[in-house]
Amino acid sequence: MARGAGRRVPGKRVAVLGAGSWGTTFAKILADGGADVMLWARRPELAREIQEAKRNSDYLAGINLPIGLRATSRLDLALAGAEQVYISVPSQTLRQNLIAAEPHLHAQATIVSLMKGVEKSTGHRMSEVIAEVLPIAESKIAVISGPNLALEIAREQPTAAVVSSSSLETAQSVASVSRNRYFHSFVNTDVIGTEFGGVLKNLIAVAIGIVDGAGYGENTKASIITRGLVEMTDFAVAYGAHPDTLSGLAGLGDLIATCQSPLSRNNTAGRLLGQGYKLPEVVNQMQQTTEGLASVGPILELARAKGVEMPIVEQVRQVLAGTLEPRDIAPHLTTDDEPQGERTMDGQAQGGSALRRALQRAFDQLRHGGGGAPGDRP
């Protein structure tokens, strides 16, 4: 049964670590929702601009930030008394940032990941890195994902996201703070699906950018999005996610937004690759971290470990390595010579699908104690 995310808790002391476009935007979301927000910026001059001018000209040009939003370049001041800590730093720097932050964290603080990447050295999701580094219970960790292009939200265009935690109470507590008139938060308890949805859609968005840059049209892009969603779901389910999560905001919703918008860094990077730029040139042109480029290798390693085929992501890897021409990328359905039935996210290929779905629903009900599978709850 759907349950409310709880009433907004006014004035809750929260911190946001990372003053890039998404970190600053999320600090604005929290402040506009009534929270007492302190934003940490690595560079003192950026913290000073946010604190004094209520602007972030480097990453959110033209956006006026809330008067009550405060900023600092000192971690100890940013984290002092914070009941919830939202982290938006490049995924490959998360571990070192957590080590620096740990001495200043409130003992009962909830840690919330806003990041959509995996750690290259370990293949771990961001919540797994948090659990490894910090001495906190899994129930005090949450993640947020969804169709969240920072500049659109900073302009207060309405959207929604999913807050996920192994503890529904934690998810609801975070969602009650992370909402306002233009940003709505749903909740679920499928942390694996919510995180992998955000990671995997970046890889498909790079593929979309590549074919766009190469001059292909809407049919090619629609085919890649559709088959890409199958790859995303196969991978996430292999690692314990619920398939319904990949059909929600953290999967399909985020995939659509990221693949179709020029505001997406992953889409933009792919488009540059499709236009013939080499990977080092693309990295140099991108002002901020493009998580999809860093995640391709680790995700394919994880896929091989579970026997999951990801032909589209594999083609992205080949383009990045310079072994496949961008114009040769295609939404391969199969490498077999013989035509096959279309297998959708449910793993169906024509006959027997209704029976299989019925059996799957029955299994899900048994697994979840007679209730439905855990979906996004308002």
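User: What do the numbering and the confidence limits rest on?

Analyst: Residues are numbered from 1 along each chain as its sequence is written, and side-chain values use heavy atoms, with hydrogens and water left out. In this predicted model, local features need pLDDT of at least 70 and side-chain atom pairs count only at pLDDT 80 or more, while totals for chains, interfaces and linings use all residues.

User: Which residues have the most contacts inside the largest nonpolar core?

Analyst: In soluble globular proteins, nonpolar side chains tend to be buried together. A nonpolar core is a set of buried Ala, Val, Leu, Ile, Met, Phe, Trp, Tyr and Cys residues joined through side-chain atoms within 4.5 Å. Buried means under 20% relative accessible area, exposed over 50%, and partly exposed in between (1.4 Å probe, protein chains only). Here the largest core has 41 residues, and those with the most contacts inside it are Leu 200, Ile 204, Phe 235, Leu 273, Ile 299, Met 310 and Val 316.

User: Which elements give two or more residues to this core?

Analyst: Helices (H or I, at least four residues) and strands (E, at least two) are DSSP runs, numbered from the N terminus. The elements in question are H8 (191-213), H9 (218-238), H11 (249-260), H12 (265-274), H14 (291-306) and H15 (311-321). H8 gives the largest share, eleven residues.

User: How is the packing of H8 and H12 described?

Analyst: Two packed helices are described by the angle between their axes and the distance between the axes. Axes are lines fitted to C-alpha atoms, for helices over the stretch in contact, with angles from 0 to 180 degrees between N-to-C directions. The axes of H8 and H12 come within 6 Å and cross at roughly 40°. Counted by class, their contact (heavy atoms within 4.5 Å) has five nonpolar, seven polar and two charged residues.

User: Is Asp 254 buried or exposed?

Analyst: Asp 254, in helix H11, counts as buried because its relative accessibility is 1%. Leaving out residues up to four places away in sequence, Asp 254 touches Lys 116, Ser 145, Gly 146, Pro 147, Asn 148, Gly 198, Lys 201 and Leu 249.

User: Which way do the residues of strand S1 point?

Analyst: In a regular strand the side chains alternate between the two faces of the sheet. From S1, Arg 13, Ala 15 and Leu 17 point one way, Val 14 and Val 16 point the other way, and all are buried. Strands pair if DSSP finds at least two bridges between them; five bridges join S1 to S2 (residues 36-40), and the two run parallel.

How values were computed
Ala, Val, Leu, Ile, Met, Phe, Trp, Tyr, Cys and Pro count as nonpolar, Asp, Glu, Lys and Arg as charged, and the others, Gly among them, as polar.
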